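My entries follow the structure.

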Amino acid sequence: MSSSNLKTFTLSNGDVFPSIGYGTYKVAGASIEDIVADAIRAGYRLIDGAALYGNEVEVGRGIAKSGVPREQLKVTSKVPPEAKHYDDVIAAANKTLEDLGLDYLDLYLVHWPANATVHPDQWNELNMDTWAAMIELYRQKKVRAIGVSNFKIHHLEPLMKTDVKPMVNQIEFHPGYTQPEIVDYCIEHDIVVEAWSPLGRTRVLQLPLLEEIAKETGKTTAQICIRYALQKHVLPLPKSSHYERMKANLDVFDFSLTPEQMEAIDSLPETGYSGLDPDTNPVG
Ligand code: A2P
């Protein structure tokens, strides 16, 4: 799945992704465009966005402003949750490409599964219809890889029987919330797991255990969280609007966590979701 130096992840279609990406959800500051360009300047080559974040025009401008050639970047977007039918998904992909000013995406994800709380009789049918459109976009090469986000195993299983299986599942993952059943299922089925909120939206950065490990390793608790994800074979997508933190969050390849440190983090009590449960999320 990932190479031994933890610097890349290889998707089941053979595409090679950098092992840390830059998350653009709620990127805040004077100019989103400049912040995204800063992230690329700081060294990020994987930019994770979504139509739902409402900032794709600015993210696209930031990508252009960076001056880094398109082929050196991996750009991800996600189907907005209101697009749950084939034609809507195709239209949403075209709108995202237009907003970003790009002619292809490197990865397109279904943002949230249709769920049984909102669609008790139809959730699977809607997910399958969405997925059929994803396969079509993949065949047209408008998107170079396809996957899902926030999918639990019961949402994923029907998709695993189709012609093109999900290559990525992006889920909430951080110390105190590691969803091991989903991660294990994905790794077993050659689906790369990406972590949104790998820093637990800062909620976990003051945990005494992480502070202790930070002291032992000479790194920050944020760097411990990012390294922890990598050693769990999960691709982290940290967010920051500050250049120094953007850079620091990439500086995790000069140390490793010992098996004891990994186990101690594994055993932290559950902090729970920072976001929403995919089975009950009203946008599902
Ligand atoms: P900021 O943008 O001010 O740097 P997550 O990626 O888990 O959702 O967490 C995002 C939050 O973590 C943001 O509030 C971001 O704030 C903060 N953050 C990102 N990197 C660091 C860091 N290295 N140290 C402390 N806080 C950080």
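The notes below begin with the basis of the model, then take up the ligand and the rings.

This is a predicted model, in which local features need pLDDT of at least 70 and side-chain atom pairs count only at pLDDT 80 or more, while totals for chains, interfaces and linings use all residues. Residues are numbered from 1 along each chain as its sequence is written, and side-chain values use heavy atoms, with hydrogens and water left out.

I first looked up the ligand shell and found 15 residues around the ligand, the closest being Leu199, Lys239, Ser240, Ser241 and Arg245 (a residue is near if one of its heavy atoms lies within 4 Å).

I then looked for polar contacts, meaning pairs of N or O atoms within 3.5 Å. A polar side-chain atom of Ser240 is 2.6 Å from a ligand oxygen, one of His242 is 3.0 Å from a ligand oxygen, and a side-chain N or O atom of Ser197 is likewise 3.0 Å from an oxygen of the ligand. Of the 570 Å² of accessible area that the ligand has on its own, the protein covers 79% (Shrake-Rupley method, 1.4 Å probe).

Turning to the rings, I noted 3 aromatic pairs (rings of Phe, Tyr and Trp, its six-membered ring, with centres within 6.5 Å; planes under 30 degrees apart are stacked, over 60 edge-to-face, the rest tilted).

Note on methods:
A polar contact is a pair of N or O atoms within 3.5 Å; within protein, one must be able to donate a hydrogen and the other to accept it, and residues adjacent in sequence count only if both atoms are side-chain atoms.
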